[in-house]
Each structure stands twice: as structure tokens, then as C-alpha cells.
Amino acid sequence: MSIEVAQSENLWTETPLIYSSHISDIIGCSAYLKLENLQPSQSFKYRGISKFAQQCKEKHGPLVHLMIASGGNAGLAAAVVARVLGVKCTVFLPINVSTDTQQALRKQGAEVVTIGEFYSQTLTALRDAVKKDTKAVLVPAYDSPVLWNGHSSMVTEMQRQLPRQPDAIFCSVGGGGLIGGIIQGCKNVGWDEVPIVALETTGSNCFYNAIAINTRNFTSKVPIMPSTEVEDSSPYTVKIVEELHVAIPYMKALKSRAASLGASSPAPGVVRMAVDRAGGIKCACIPDEMAMHTARLFGNDHKILTELACSTTLTPGYNREFLSLILGPTFSTLSPEERKEKCLVFVVCGGVKISFEEMREFEEIVAAVQMQSYWRVQIGGEETQVPKQ
């Protein structure tokens with residue numbers, strides 16, 4: 001593809017939506033996988049970030065310098081599209097990002113700066129650097145309507161690819177870019193009533209906390225503006241975003257191995273869209289070990305490696321009781337024949353932060369907790385246990 005053509009056309013790939021016989025057999029209904037791991041940068045992030053980058057080049061010209069703070073996947077999306085467009089790109093990473101991820105960025109021609117223990121510190125350093133470069137544009141990793149609009153294209157594709165409207169769409173959530181795109185995409189195609197299930201790992205669940213504090217712990221369908229005062233033992237502090245009339249939690253620490261979900265706070269605009277959405281958002285959190293277990297099962301079944309941020313999405317597909325608790329009585333009380341008619345979509349969001357070595361490590365970690373017969377999860381404000389399956 002030439003640079004001239006790239007500026008006027010979408011750069012992302014229309015990804016396959018495949019039927020999963022493995023997951024369908026487990027949960028008793030039709031399960032489809034939206035394979036965003038097949039994007040040029042191996043994650044859904046390429047959709048929105050490529051759109052943002054194209055607009056930057058059109059506005060600022062070929063000397064524009066794309067600069068982004070990332071845990072890895074957003075940075076790789078920016079690096080890939082910068083190479084396609086022929087523009088400069090610098091990626092700021094937290095110091096704990098793997099050498100493999102840094103090498104992947106450099107292979108695409110990006111400059112790499114490692115700074116900060118957490119993403120929020122890395123982002124602060126990036127903002128300072130952007131101020132010093134007159135040709136620099138700060139590329140957001142997840143908090144931008146342009147990104148959400150780009151990500152929404154996957155739902156447009158789903159509408160064409162599915163036999164009918166789905167009964168639920170499952171995705172993982174970090175800062176909220178993916179779910180923001182799915183919410184926007186559902187609005188675009190008339191699926192506002194389709195339930196969206198947002199999954200996170202415990203310890204990196206800023207979006208779950210955001211929905212909880214804006215809905216009185218999931219008990220109010222009308223958004224409630226809470227106090228910013230929280231107990232000292234709370235895992236987050238709270239700030240009010242006055243222009244959107246929402247409260248945003250800021251995690252004091254991130255305690256999950258799912259690094260790609262490690263945002264300290266969610267995008268306020270996405271939180272606003274979520275609490276206003278007619279079909280609502282169903283939120284759940286799982287332990288890292290459950291995501292690790294699912295990554296191994298999915299890899300064995302589908303021959304695809306997934307990082308924890310991606311396998312988190314798939315956990316309800318590998319645990320029938322967990323799925324029933326998330327979707328509630330209207331689903332769990334269905335007869336086997338009625339359940340077979342249901343259609344669920346799991347967004348395989350992709351990501352490059354996985355290796356065979358890590359998969360072997362996951363096996364050891366999961367084996368160490370094998371004596372425990374259940375997983376401890378949180379669903380819509382309630383903590384419960386689901387049996388291991």
C-alpha cells in the first residue's frame with residue numbers, strides 16, 4: 001500500500017469472526033471469536049491509533065512526530081502505522097516492560113524511551129517531552145473519541161459477519177478504549193440493547209471500580225455522583241470530572257500480571273457512555289490465575305497464544321457457571337434447547353506480551369493453586385466463588 005493511498009483509506013484489517021466449536025460445546029450456545037489478534041500490530045489498538053495517526057499526518061504534514069506512552073500494545077500500533085505512513089515515532093514505556101516488547105518496537109523503526117514505574121508516570125514524562133518538540137503530537141493510548149470511533153469499526157464488521165444480533169459481547173477492559181469503541185459501534189448499528197460484558201483482573205480493575213462508584217455499587221440504573229472521600233484502606237482515590245459529571249477512581253497500586261489492563265484510571269468519557277448506555281454494562285473481575293488457566297485452555301483448543309489481558313475476556317467461555325452468573329437468571333434458567341439459540345461474541349483483543357516461556361510459567365502458577373476447588377470472582381458488586389472447570 002502506498003503512503004498516498006494509506007492517507008485516504010482505513011489501514012486496519014477486517015478481521016475474521018469465527019465460530020468456536022470448543023467454547024460452544026462448553027457453554028451450550030453459539031460462541032463466536034472476533035480475531036483482533038490478526039491486526040497488523042497484533043491487537044485491536046491498531047484500528048483507532050491508525051485512524052488518529054492518519055489524521056495527524058493530514059493535519060501536520062509528513063514531518064509530524066508521533067509520540068505515545070504505552071505498556072506495549074498501543075505503542076506497537078503507533079510504531080507500525082508510523083512506518084506505513086513514513087513518519088517519526090517515539091514510544092515511552094514503563095521501565096518494567098520486557099526487552100522483547102522493546103525490540104518489537106525498534107524493529108518497526110520507533111525510538112524507545114523507558115521511564116517511570118507505572119503508566120501514569122510514563123505518561124507524565126511523555127507530556128513533558130511533547131512540549132519540547134514543535135513537531136510532536138501526543139498519541140493517546142485509549143482516551144480519545146477518535147480512537148473509540150476507529151475501534152467501533154469492529155462492531156460494524158460483526159453486524160455483517162454474524163447470522164443475527166448477538167445476545168452479548170464480551171471484552172476485557174484496561175483504560176476503556178476497547179469498550180468505548182464497542183459501545184460506540186453498538187450505537188452505530190442499532191445494538192444499544194445488546195449487553196456488553198466488561199472483564200478485568202483483580203488488582204487492575206479501575207473500570208469496575210468506576211462503574212461501581214457511579215452507580216452506588218451497581219444498585220442504581222441512574223448515575224449517582226458520589227463523594228470524593230474514601231477510606232484510607234480503599235485501593236483508589238476519587239476525583240470528579242465536572243464537565244462529564246462522573247467520578248473517576250485512581251488506583252493507588254496495580255497488582256495484576258495482566259499488564260495490558262494496567263491503567264490507573266479509566267477514560268472519563270467512556271465511563272460516561274457506559275453509565276448512560278440503555279443496555280448497560282455487566283462488570284466482572286477475576287484472579288490472574290483464572291486468566292492464566294484460560295490462556296492455556298484456549299491455546300490448546302485454538303492454537304493461539306494470548307496474553308492475560310486477552311484470555312481474561314475468554315474466561316466465561318471456559319466456565320459455564322461463571323457465564324450464567326454474569327448473564328443472570330434470564331440466561332441461567334434457559335432450557336438446553338433455548339440456550340442453543342443464543343449467540344455470544346468474544347473479542348479476542350490480541351496483544352504481543354506473551355511467550356512460550358510465560359505459558360510454561362502460567363502452568364506452574366496454576367498448578368500451585370490447584371488444591372483450591374474454586375475461583376474467587378466479583379460480579380456486579382458481589383464477591384462469589386465459581387467451581388473450577
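Predicted model: local features only at pLDDT ≥ 70, side-chain atom pairs only at ≥ 80, totals over all residues.
Residues are numbered from 1 along each chain as its sequence is written, and side-chain values use heavy atoms, with hydrogens and water left out.

Let's start with Ser24, which sits in helix 2 (residues 21-27); helices here are DSSP runs of H or I with at least four residues, strands are runs of E with at least two, and both are numbered from the N terminus. Ser24 counts as buried because its relative accessibility is 5%, where buried means under 20% relative accessible area, exposed over 50% and partly exposed in between, using a 1.4 Å probe and protein chains only. Setting aside residues up to four places away in sequence, Ser24 touches Tyr19, Cys29, Ser30 and Ala31 (contact means heavy atoms within 4.5 Å).

Next, look at Val137 in strand 6 (residues 136-138). Val137 is also buried, at a relative accessible area of 14%. Beyond residues up to four places away in sequence, the contacts of Val137 are Phe52, Cys56, His60, Val64, His65, Leu66 and Met67.

Now for the helices. Helix 8 (residues 153-161) packs on helix 9 at an angle of about 50°, with the axes 7 Å apart; axes are lines fitted to C-alpha atoms, for helices over the stretch in contact, and angles run from 0 to 180 degrees between N-to-C directions. On the helix 8 side, Met154, Val155, Thr156 and Gln159 meet Leu178, Gly181, Ile182, Gly185, Cys186 and Val189 in helix 9.

Helix 9 (residues 177-189) has another partner in helix 11 (residues 268-276): their axes come within 9 Å and cross at roughly 45°. That makes helix 9 oblique to helix 11. Here Ile179, Gly180, Ile183 and Gln184 of helix 9 meet Val270, Met273 and Ala274 of helix 11.

Definitions and conventions. Parallel < 35°, antiparallel > 145°, perpendicular 65-115°, else oblique.
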